[in-house]
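Let's take a friendly walk through one protein model, one piece at a time. Keep the picture at hand as you read.

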Amino acid sequence: PAARFASTDRPIWPDTQAGHIPGAVSWPWLNNLTTDYKLRPVEELRAALQKAVDHRPAADLIFTCGSGVTACHNIAALEHVGLGVAPLYVGAFSQWCALQRAKSGSQ
């Protein structure tokens, strides 16, 4: 995920470009888990999520990912630790790429 977010990995079809939506913050869903794949302790996870989103409230956040699937784990984690519920941009990076392509008139 880090290489894709940083634009150092090739785009995954149907994305026409590498990278991320401007203003996005990378928080891979595995950051919510311990090394044995259990949720991190609530206080620890809350502090990490608050730092990742610069202490912005859930109402100011929109979660997304490459296809819209793994971001749901982050939304659930945010609610689990008591930070509220944030919406999901269902179209995700793939739709955002398509919209950018349509705006520029390129294929």
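Helices (H or I, at least four residues) and strands (E, at least two) are DSSP runs, numbered from the N terminus. The model is predicted, with local features needing pLDDT of at least 70 and side-chain atom pairs counting only at pLDDT 80 or more, while totals for chains, interfaces and linings use all residues. Residues are numbered from 1 along each chain as its sequence is written, and side-chain values use heavy atoms, leaving out hydrogens and water.

**The overall picture**

The protein has four helices and zero strands, and its elements run α-α-α-α from the N terminus on. A residue is called buried under 20% relative accessible area, exposed over 50%, and partly exposed in between (1.4 Å probe, protein chains only). By that rule, 28% of the 107 residues are buried. Accessible areas come from the Shrake-Rupley method with a 1.4 Å probe, and for residues only the protein chains shown count as cover. The protein exposes about 6800 Å², and carbon and sulfur atoms supply 59% of it. Contact means heavy atoms within 4.5 Å. Among the contacts with a separation of 6 or more, 55% are between residues 24 or more positions apart.

Where does W29 sit? Look in the loop between α1 (2-5) and α2 (42-52). W29 counts as partly exposed because its relative accessibility is 33%. Together with L30 and Y37, W29 makes a nonpolar surface patch of about 350 Å². Such patches are made of residues with over 30% relative accessible area and no salt bridge; like charges are joined within 9 Å, and nonpolar side chains (Val, Leu, Ile, Met, Phe, Trp, Tyr) within 5 Å.

Y37 lies in the loop between α1 and α2. With a relative accessible area of 63%, Y37 is exposed. The backbone of Y37 is worth a look too: its phi is near 65°, a positive value in a residue other than glycine. For background, most residues other than glycine have a negative phi.

R40 is also found in the loop between α1 and α2. Is R40 buried or exposed? R40 is buried, because its relative accessible area is 17%. Leaving aside neighbours within four places in sequence, R40 is in contact with W27, N31, N32, L33, T34, L45 and A48. The side chains of R40 and E44 are joined by a polar contact of 2.9 Å. A polar contact is a pair of N or O atoms within 3.5 Å; within protein, one must be able to donate a hydrogen and the other to accept it, and residues adjacent in sequence count only if both atoms are side-chain atoms.

**Salt bridges**

How many salt bridges does the structure hold? There are three salt bridges, each being a side-chain nitrogen of Lys or Arg within 4 Å of a carboxyl oxygen of Asp or Glu.

| Lys or Arg | Asp or Glu | Closest N and O atoms |
|---|---|---|
| K38 | D36 | 3.9 Å |
| R40 | E44 | 2.9 Å |
| R46 | E43 | 2.6 Å |

In the K38 pair, K38 is exposed at a relative accessible area of 53%, whereas D36 is partly exposed at 47%. E44, the partner of R40, is partly exposed with a relative accessible area of 41%. R46 and E43 both lie in helix α2, three residues apart, about one turn of the helix. An α-helix has 3.6 residues a turn, so residues three or four places apart point the same way.

**The two sides of α2**

Which residues of α2 are buried? They are L45, A48, L49 and A52. Seen down the axis of α2, these buried residues fall within an arc of 95°, so they line one face of the helix. The arc is that of the directions from the helix axis to the C-beta atoms. The buried residues of α2 pack against α3 (71-80). On the face turned away from the buried side, α2 carries the exposed residues E43 and K51. The relative accessible area of E43 is 56%.

**Just past α2**

Just after α2, D54 takes a positive phi of about 55°. H55 lies in the loop between α2 and α3, and its phi is near 60°, a positive value in a residue other than glycine. H55 is exposed, with a relative accessible area of 58%.
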